[in-house]
Amino acid sequence: MTYKQLLHSQSLMITASSIVFPFYLLLLRNLGDSYSQFGLAYGIFALTAALSHPLIGSWSDRVGEKRLLLLYKFGMAVVMIVIPVLTTITQVYIIQIIMGLLGALQKTAEKIALSRQTDRYHTGKQVGHYHLWTSIWAALAVIATGYIIDFLTIGSLFYITSFMYVAAGVLIWQKPKTIELERHHSL
């Protein structure tokens, strides 16, 4: 995986997340009876992620960050398909546990991949560039969603983002083109 693949894949993933996050919060609030249930649901997510980081960190050394990012992206694609059909707060809690695990995968793998894709003399510049573009895509997604939601259902946003997660996974699944070109020229 190249820096460019990581940047494009993560930008697409962050765009997808930014599209649905405000509407996911509304869904959580509508399924729960109180703000305490909403708080508990988000707390379950954060606690699951926190407790799983050490295990995922050691696991990443064995399986590699690319596989973790793929697991996250394809896992979130499935979660996005399931979210619109949730009907109970218990189902939300279960999804929050799954999303906490997946979020920890993403956070750990992204940091590892980014650290491996930057050269040590320009790490700060490359990390800054990375965050510039992923943040711009997140902002544009939120703005655009505000306009297009009038034409779509909230459920359709989750299906669109599921597709975007799959596309983000495909971007890093592909073999880097530069390596293929170098291999071809060396033959």
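**Contacts, pairs and a surface patch**

Me: In this predicted model, with which residues is Leu 171 in contact, leaving aside its neighbours within four places in sequence?
Reply: Leu 171 lies in helix H6. Once the neighbours within four places in sequence are left aside, the residues in contact with Leu 171 are Gln 5, His 8, Ser 9 and Leu 12.

Me: How many Å apart in space are Leu 171 and Leu 12, C-alpha to C-alpha?
Reply: In sequence, Leu 171 and Leu 12 are 159 residues apart.

Me: Which backbone oxygen lies 2.8 Å from a polar atom of the side chain of Ser 18?
Reply: Ser 18 is found in helix H1, which covers residues 3–31, and it counts as buried because its relative accessibility is 14%. Beyond its neighbours within four places in sequence, Ser 18 is in contact with Ala 138, Ala 141 and Val 142. The backbone oxygen at 2.8 Å from a polar atom of the Ser 18 side chain belongs to Ile 14.

Me: How many residues apart in sequence are the parts that the pair of Tyr 72 and Tyr 165 ties together?
Reply: A search of the whole structure finds 3 aromatic pairs. One of them is formed by Tyr 72 and Tyr 165, edge-to-face, with 6.0 Å from centre to centre and 80 degrees between the planes. Because Tyr 72 lies in helix H3 (residues 65–82) and Tyr 165 in helix H6 (residues 154–173), the pair ties together parts whose separation in sequence, in residues, is 93.

Me: Are Tyr 72 and Tyr 165 buried or exposed?
Reply: These two residues form an edge-to-face aromatic pair. As for their accessibility, both Tyr 72 and Tyr 165 are buried.

Me: What is the relative accessible area of Trp 173?
Reply: Phe 74 and Trp 173 form an edge-to-face aromatic pair, 5.6 Å centre to centre with 65 degrees between the planes, and this pair links helix H3 with helix H6 across 99 residues. Phe 74 is partly exposed, with a relative accessible area of 25%. Trp 173, in turn, is exposed, and its relative accessible area is 54%.

Me: Which helix gives the most to the nonpolar patch?
Reply: The patch on the surface includes Leu 132, Trp 133 and Ile 160, and its residues together have about 1100 Å² of accessible area. Trp 133 is partly exposed, with a relative accessible area of 35%. The helix that gives the most to the patch, with 8 residues, covers residues 123–148 and is helix H5.

Me: Which residue meets Arg 116 in a salt bridge?
Reply: Side chains of opposite charge can pair when their charged atoms come close. A search of the whole structure finds 1 salt bridge. Arg 116 lies in helix H4 (residues 89–117) and its partner in helix H3, so the pair ties together parts that are 51 residues apart in sequence. The N to O distance is 2.6 Å, and the partner of Arg 116 is Glu 65.

How values were computed. Residues are numbered from 1 along each chain as its sequence is written. This is a predicted model: local features need pLDDT of at least 70, side-chain atom pairs count only at pLDDT 80 or more; totals for chains, interfaces and linings use all residues. Side-chain values use heavy atoms; hydrogens and water are left out. Helices (H or I, at least four residues) and strands (E, at least two) are DSSP runs, numbered from the N terminus. Buried means under 20% relative accessible area, exposed over 50%, partly exposed in between (1.4 Å probe, protein chains only). A polar contact is a pair of N or O atoms within 3.5 Å; within protein, one must be able to donate a hydrogen and the other to accept it, and residues adjacent in sequence count only if both atoms are side-chain atoms. Contact means heavy atoms within 4.5 Å. Rings of Phe, Tyr and Trp (its six-membered ring) pair if their centres lie within 6.5 Å; planes under 30 degrees apart count as stacked, over 60 as edge-to-face and the rest as tilted. Patches are made of residues with over 30% relative accessible area and no salt bridge: like charges are joined within 9 Å, nonpolar side chains (Val, Leu, Ile, Met, Phe, Trp, Tyr) within 5 Å. Accessible areas come from the Shrake-Rupley method with a 1.4 Å probe; for residues, only the protein chains shown count as cover. A salt bridge is a side-chain nitrogen of Lys or Arg within 4 Å of a carboxyl oxygen of Asp or Glu.
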